[in-house]
Amino acid sequence: MKKNTDLPRFPEPYWRSALTFPSFSKLDTDITTDVLIVGGGITGIRSAYLLAKQGVKVTLIEAGEILTGTTGHTTAKITGEHGLIYDQLITDHGKEKAKLYYEANAEGMKLIN
């Protein structure tokens with residue numbers, strides 16, 4: 001079997017090529033904050049945004065560049081309807097807990113949209 005050497009070792013998702021991501025300088029002084037969030041993916045950024053909207057002094061730090069980890073390399077399909085997972089949840093834990101899982105996913109989707 002011939003190996004295709006033209007494929008990139010670490011491919012970039014298509015959606016990232018159309019965006020310019022901001023960069024930030026390294027934190028090199030002591031600061032005071034109410035909440036420190038570690039990680040500049042969708043969860044960290046959204047959490048920082050929601051807290052800041054409530055007047056909380058938030059600091060978000062990221063070891064590399066924002067939106068380059070799991071968030072940056074996903075197809076960004078956001079759904080609460082995971083058919084195979086629900087079947088297993090119902091089998092293992094019952095319909096009520098499967099419903100709670102769905103409701104938690106639905107609330108999470110509302111936060112992202």
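Which residue in S2 is the bridge partner of Val-35? Select Val-35 in this predicted model and look across to S2, where Val-58 is the bridge partner.

**The paired strands**

Next, select residues 35-38, which form strand S1, together with residues 58-61, which form strand S2. The two strands pair in the parallel sense, over 4 bridges.

Now trace the chain from S1 through H1 to S2. This path is a β-α-β crossover, and its hand is right-handed.

**The connecting helix**

Select residues 42-53 to display helix H1. H1 contains 12 residues, and from its first C-alpha to its last it reaches 16 Å, close to the 16 Å expected at 1.5 Å a residue. Just after H1, select Gly-55, which takes a positive phi of about 90°.

**Where two helices meet**

Two packed helices are described by the angle between their axes and the distance between the axes.

Finally, show the side chains of Ile-42, Arg-46 and Leu-50 in H1, which meet Lys-110, Leu-111 and Ile-112 in H3. By class, this contact of H1 with H3 has 4 nonpolar residues, 2 charged residues and no polar ones. An α-helix has 3.6 residues a turn, so residues three or four places apart point the same way.

Notes
Residues numbered from 1 in each chain as written. Predicted model: local features only at pLDDT ≥ 70, side-chain atom pairs only at ≥ 80, totals over all residues. Heavy atoms only, no water. Axes fitted to C-alpha atoms, helices over the stretch in contact; angles between N-to-C directions. Contact = heavy atoms within 4.5 Å. Nonpolar A, V, L, I, M, F, W, Y, C, P; charged D, E, K, R; others polar. Pairing = 2+ DSSP bridges. Right-handed = clockwise from strand over helix to strand, strands pointing away. Expected span 1.5 Å × (residues − 1).
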